[in-house]
Amino acid sequence: ITEEESFTPEPTVTNQSAVLWETSGDGYFSDATLLNPEYFPGSEDVSNGNVTLTITALPSANCSNPATDQIDVTIHSVQTIYIPAGWSGFSSYIENENAIEDVFAPIADYLVTAQTISSIYWPEGGINTIGNFSNTNGYKVKMSEGQTITISGKYSTTSSIELTEGWNIIPILSSCYISQYDIVNQFGGTLLLMKEIGGNGIIWPDLNIYNLTAVAPGSAYLVAVSQNTTLFNIKFT
């Protein structure tokens, strides 16, 4: 299921006098004494990406021992991202390693191209040198019309990004906006230029230009650095 959904188990139980459900996580049942209760995942369940639900059936008069069984429920986190028409930056804080064709399949009719610094996915031309989607990459995307896409998987555990000297496209691995101050401090003086893709926001320290006030979840940004650099603390929640 996804983090926005509940789950209803469907066990087969016979000769019981009563049943009781328990969870390994912090979610709750609509009624833990029902055979098919609705389970609502908690924040810990979502963060862990899974939860184990256990049912115990108490015996009727002709049975001697209770019976127990379990079901493991995988919970995918989701990020819904609006991609505008034209050029923009795209990234996700959700870990998903599916083929990039599958990730963009719901909006394939509107995707013109997706690019990294060195690779490209061009559906119309039948070209894909990107391979699989990675949330540790930022993408430069061109759309014929604005569309919304949902990425599902686990919350990213990555908290650092390696940049090479020159131009890079950085993803935003945060589920909230990161202020200009917080993002600039990560570069330790190596930042030459940071630019919004398809927009006018820019950070240019040498010219004292700082009109990109924050970076946004779901976006990606063109960045030039003076030397190889590691951004260590880029995961805000």
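Two strands count as paired if DSSP finds at least two bridges between them. Keep that in mind as you move through this predicted model.

**Stop 1: strand β12**

Select residues 139-143, which make up strand β12. Look at T113 next: its bridge partner in β12 is K142. β9 and β12 are antiparallel, with four bridges between them.

Now select residues 86-90, strand β7. Five bridges link β7 to β12, and these two strands also run antiparallel. Pick G89 and find K140, its bridge partner in β12.

Show the side chains of β12. Which of them are buried? Y139, V141 and M143 are, and they point to one face.

**Stop 2**

Select A108. This residue lies in the loop between α2 (100-103) and β9 (111-115). Partly exposed is the label here, because the relative accessible area of A108 is 37% and that class runs between 20% and 50%.

**Stop 3: a five-stranded sheet**

Select the strands in the order β15-β21-β17-β18-β19. They form an open sheet with antiparallel pairing. β15 (166-171) and β19 (209-210) are at the edges. Each has a single partner strand, so one side of each has no neighbour in the sheet.

Residues 191-196 form β17, and residues 220-225 form β21. Five bridges join them. Click L193: its bridge partner in β21 is A224.

Terms used:
Residues are numbered from 1 along each chain as its sequence is written. This is a predicted model: local features need pLDDT of at least 70, side-chain atom pairs count only at pLDDT 80 or more; totals for chains, interfaces and linings use all residues. Side-chain values use heavy atoms; hydrogens and water are left out. Buried means under 20% relative accessible area, exposed over 50%, partly exposed in between (1.4 Å probe, protein chains only).
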